Amino acid sequence: MTERTKRRAASQWAVAWRRFRRNRSGLIGTSIVTFFLLVAILSPFIAPYPPRSYQPLYDGAAGQSPSWQHPFGVEVSGIDVFSEVIHGTRNDLYVGLSAAILTMILGIIIGALGGYVKGLVSDVVLGVTQIFFVIPTLLLILLFARIFLQLVFKGFGLTLIVLILSFFGWSGVAFVVRGETLRVREMDFVQAAKSLGASSSRLLFRHIVPNILSPVIVITSLNIAGFILTEVVVSFLGFGDANTTTWGLLLNEGFSYIRTDWWVALFPGLTVVFSVLGFNLMGDGLSDALNPRLRE
Amino acid sequence: MANQLLEVSNLRTYFFTEAGVVKAVDDISLSVEEGKTIGLVGESGSGKSVTAQSVLRIVPRPGRVVGGTIKFDGEELLKKSEAEMRKMRGAKMAIVFQDPTTSLNPLYTVEKQLTDILLLHKQLTKNQATAAALKLLEKVGISEPTSRLKAYPHELSGGMKQRVAIARALSCNPKLLFADEPTTNLDVTIQAQVLDLLKQLQKEFGMTMVMITHDMGIVADMTERVTVLYAGKVMEDADTVTLFTEPKHPYTEALLKAVPSVAQTRALEVIPGNIPNLIDPPTGCVFHPRCKYAKEICMKQDPQWEKVSDNHYVACHRWRELKLETRS
């Protein structure tokens, strides 16, 4: 053993991290994601105007095209588009990240149960997962959003969207987790752990689940992009929380003036494209790093 | 008779598959004297491993023990609850698997693999467990044990992995150790080392060992008594010397003749055919389709379990008349 290899951490995560660092598209994606995360965290400090502020209207800037003062232009109603995109970043990332994490947790619990507990539980889980997999979720998301947004308190609109997206979005993770659990549970080291006195929950959460996290992490990072897009669609169609700035809401507002005030729709649209691109590139990079055998 | 640590009687373990019921273990009886090493011999699919899994009660689904009794250290294992069994596994009996590359969890360090089970069964602090793990690594002959503690399985060679797996199985001083073809996946040179290690550890720990193998060389080297299995049934049971010098079952004879030998120039004799389909086993003696001595009666009647001498039993209709060859 040389000095060099001695110092290198050898856990599977450390190895995957080293592989990830050499992955160019993964790094580009991570840079984009980091940029958006910073914007989201710092949004109150870097946005020139507070959310939904009509200040530019009083400054006589309503409907202005992009300028140094208003880089993304101003809406006809007098809202600064640049500030709104920044505030939207925070809200859209909140939706994307929370929904992805929530679906990951739901998917792991449901999928692992379905793969580990045999018999009726397994059949029921598989059936329910399949139902959620094939139902036209967008229509139901719109329907649920329209119904429940009337009922929740102001300020909880986004959280409600997160819950609705997660409720309809966990099946993909659950499918993969179930399949992987079925595969890993038959592995020798699980049988070995059992032969040494490990309980079922120990087998499941210490030996099986940690060994199936790689695909779950990849799916979750891709899910973030998916949930952001879905939120954009929901808001663009006018089914979102109209009191909270999101990219979709800006697209919705800009859509009406696309011939004259093109900037109101263009900049939020580009932002959506870049953020989704970033999360997808990062997910691909993670996929290459965590499942190197799947490459090509 | 000396103290029997393990007594398996009329064990039946079936697998309820969609194609039908696979009788992987069908009426197997055997006993293991405390402190001794017995061999469980047979081809793949003869029920060796399933017998071990049945004793530990870790038969994977859709398999299930459907009958028989398993007495271990005076207690009936099949009557125990899962929680009681869990306390025994690893603490009173353990198993070493065939392939060390797959029987160690790839995500955890050697230290974790060892301390996990120590902490599970013994009242130890973390530091005590680590110290115990270190001692175990020394016992199984791993060089640089301190730095190996931090190693992951994929950083170790096959032989070292199997040593770690052995250390893990022995960590709580089990009375009974199943070694399920522990050297099949290792290089020949490493095989001898691991077998020697097992022999030495058995003496040191005063363990009783059940050696599961298809290698008659290992049987001769390691065991004091042998149970020969075929298609889920016991064919012959004798002490090792007797089995090698006076086999009474044609299957035992065939196994012995299938061992290559440097001294002999004759072609290796193989056993024709394959192990039968256990969903629909042959009538009469399960070995008759492949037995060169088979007669009318072998196809029709199940052979009785007959006593040849003290400590030597056989299940064959014709053992009295047959003059079986032994390897010379």
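**View 1. The surroundings of Val210(B) in the predicted model.** Leaving aside residues up to four places away in sequence, Val210(B) touches Val32(B), Ile38(B), Leu40(B), Ala52(B) and Phe178(B), where two residues are in contact if their C-beta atoms, placed from the backbone, lie within 7 Å. This is a predicted model, in which local features need pLDDT of at least 70 and side-chain atom pairs count only at pLDDT 80 or more, whereas totals for chains, interfaces and linings use all residues. Residues are numbered from 1 along each chain as its sequence is written, and chains are lettered from A and ligands numbered from 1 in the order in which they are written.

**View 2. The largest nonpolar core.** Val81(A), Leu177(B), Val210(B) and Met211(B) touch the most other members of this core, which has 160 residues; a nonpolar core is a set of buried Ala, Val, Leu, Ile, Met, Phe, Trp, Tyr and Cys residues joined through C-beta atoms within 7 Å. A residue is buried if 20 or more other C-beta atoms, placed from the backbone, lie within 10 Å of its own. Helix 5 of chain A supplies the largest share of the core, 13 residues, helices being DSSP runs (H or I, at least four residues) numbered from the N terminus.

**View 3. The packing of helix 5 against helix 14 in chain A.** The axes of helix 5 (residues 81-116) of chain A and helix 14 (residues 263-290) of chain A come within 10 Å and cross at roughly 30 degrees, the axes being lines fitted to C-alpha atoms over the stretch in contact, with angles that run from 0 to 180 degrees between N-to-C directions. Helix 5 of chain A and helix 14 of chain A are therefore roughly parallel to each other, a term for angles under 35 degrees. To this contact helix 5 of chain A brings Val81(A), Val85(A) and Gly88(A), while helix 14 of chain A brings Trp263(A), Val264(A), Phe267(A), Pro268(A) and Thr271(A). By class, the contact has 6 nonpolar, 2 polar and no charged residues; Ala, Val, Leu, Ile, Met, Phe, Trp, Tyr, Cys and Pro count as nonpolar, Asp, Glu, Lys and Arg as charged, and the others, Gly among them, as polar.

**View 4. The side of chain A that touches chain B.** Here 17 residues of chain A are in contact with 24 residues of chain B. Helix 10 (residues 188-195) of chain A gives the most to this side of chain A, with 6 residues. By class, the side of chain A that touches chain B has 6 nonpolar, 8 polar and 3 charged residues.

Conventions:
Helices (H or I, at least four residues) and strands (E, at least two) are DSSP runs, numbered from the N terminus. Angles under 35 degrees count as roughly parallel, over 145 as roughly antiparallel, 65 to 115 as roughly perpendicular and the rest as oblique. A residue is buried if 20 or more other C-beta atoms lie within 10 Å of its own, exposed if 12 or fewer, and partly exposed in between; C-beta atoms are placed from the backbone.
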